[in-house]
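Q: I would like to learn how to read some features of a protein model. Where do we begin?

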Amino acid sequence: MLRKFLPSVVAYSPEADVIVADNASTDASIDVLKTDFPSVRVIQLDRNYGFADGYNKALVQVDAEYYILLNSDVEVTEGWIPPLLSCMESNPKAVACQPKLLSYNNKEYFEYSGAAGGFIDRYGYPYCRGRVFDTIESDNGQYNGLCRLFWATGAAMMISSKAYWEAGGLDGQFFAHMEEIDLCWRINARGGEIYCVPESKVYHVGGATLDKSNPRKTFLNFRNNLLMLYKNLPEHELRSVMFVRLLLDYVAAFKFLLSGNAGDFKAVFRARREYRKMRRSYENIRKDNIEKTIVMRPVGRMPFMLLWQYYARGRKFFNVLKK
């Protein structure tokens, strides 16, 4: 990944200092960086802290007004940073933004993990302009306008360092998956604004670290989604939303089982057990989040059930959902 994608980052990011955070890698990554990329600063961590806390441990060592979180499997394009910077500096409430995220392997299509910016339904199911569940649109310019979001992808996110730390950074207990949506929820609830800036364009492989079919990915997605809801839901919604999610998670688990995915079936139940164990440790965090909330229903948190819209009503594209 470093040999393949870091050259474009170095070549097309003259406005930025390029830094690689190494989560205690056990391959030849450090040697490759020293030999092939001597201009790149390396922050070596003492162990694998995961995506979330790995960023926290690295970014605390970086003095900058803005951070760009960038996955190691992203190819950037010439001129990708100035539009993001312009968005941030022209709007005093803008604290985070993302480029348009396209598929590295099929460049005419959006990429699953961010597309043209993220939204979320009432029950915590995320989706994007250009991607709803597994339906991925081709990029025909339909999402080329600047757009206010609920969440920006962690694969390629510019964020104010001040806002990052004031919101508490990424939740290290998540390890990986859903952590950027959780952070964006806190930012939105505290009055910050998040955008997609489609003039900026990058290409993302996606799933390069943990394949979509891996039960550990299913476990992390389900557990962290539940923790995110518990941490951020307004009090008047918490009980009803979590009850419906309990039912929906069991439906998802048995759907996995009937499809022959026993590993994913077990992962859902393990995720719910782990959520129950961890919930108590989040009580004070939830209290703090609620106390600091000034926007009860942030832009991009939609009132409908995405599963019903997608499967029962056949609404599989963002523009149809919005209408």
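A: We begin with a definition: a salt bridge is a side-chain nitrogen of Lys or Arg within 4 Å of a carboxyl oxygen of Asp or Glu. Note that this is a predicted model, in which local features need pLDDT of at least 70, side-chain atom pairs count only at pLDDT 80 or more, and totals for chains, interfaces and linings use all residues. Residues are numbered from 1 along each chain as its sequence is written, and side-chain values use heavy atoms, with hydrogens and water left out.

Q: How many salt bridges does the structure hold, and which residues are linked in a network of them?
A: Side chains of opposite charge can pair when their charged atoms come close. The structure holds 14 salt bridges. Arg-122, Glu-237, Arg-297 and Arg-301 are linked in a network of salt bridges.

Q: Which parts of the chain does the pair of Glu-237 and Arg-297 link?
A: The side chains of these two residues, Glu-237 and Arg-297, meet in a salt bridge at 3.5 Å, N to O. The pair links distant parts of the chain, 60 residues apart: Glu-237 is in helix α8 (residues 235–258), and Arg-297 is in the loop between α10 (283–291) and α11 (306–312). Helices (H or I, at least four residues) and strands (E, at least two) are DSSP runs, numbered from the N terminus.

Q: Which other salt bridges can I look at?
A: One of them joins Arg-148 and Glu-193, whose closest N and O atoms are 3.8 Å apart. This pair also links distant parts of the chain, with Arg-148 in strand β10 (residues 147–149) and Glu-193 in strand β12 (residues 193–204), 45 residues apart. Arg-148 is partly exposed at 27% relative accessibility, whereas Glu-193 is buried at 12%.
Another salt bridge is formed by the side chains of Asp-171 and Lys-231 (2.8 Å, N to O). Asp-171 is in the loop between α5 (161–166) and α6 (179–189), and Lys-231 is in helix α7 (residues 215–232), 60 residues apart. Both Asp-171 and Lys-231 are buried.

Q: How do I read the two sides of a helix?
A: An α-helix has 3.6 residues a turn, so residues three or four places apart point the same way. Take helix α2 (residues 29–36), whose buried residues are Ser-29, Ile-30, Val-32 and Leu-33. They lie on the same side of α2 because they cover an arc of only 160° around the axis. That arc is taken from the directions from the helix axis to the C-beta atoms. The exposed residues Asp-31, Lys-34 and Thr-35 are on the face turned away from the buried side of α2.

Q: Which residues other than glycine have a positive phi?
A: Most residues other than glycine have a negative phi, and most peptide bonds are trans. Among those with a positive value are Ala-24, with phi near 55°, and Phe-133, with phi of about 50°. Ala-24 lies in the loop between β1 (19–22) and α2, and is partly exposed at 27% relative accessibility. Phe-133 is in the loop between β8 (131–132) and β9 (135–136), and is buried at 15%.

Q: Which residues gather in a patch of positive charge on the surface?
A: Patches are made of residues with over 30% relative accessible area and no salt bridge; like charges are joined within 9 Å, and nonpolar side chains (Val, Leu, Ile, Met, Phe, Trp, Tyr) within 5 Å. Lys and Arg count as positive and Asp and Glu as negative, while His and the chain ends are not counted. The place of a charge is NZ of Lys, CZ of Arg, CG of Asp or CD of Glu.
In this structure the positive patch consists of Arg-216, Arg-270, Arg-273, Arg-276, Lys-277, Arg-279 and Arg-280. Helix α9 (residues 262–279) gives the most to the patch, with five residues. Lys-277 is in helix α9 and counts as exposed at 66% relative accessibility.

Conventions:
Accessible areas come from the Shrake-Rupley method with a 1.4 Å probe; for residues, only the protein chains shown count as cover. Buried means under 20% relative accessible area, exposed over 50%, partly exposed in between (1.4 Å probe, protein chains only).
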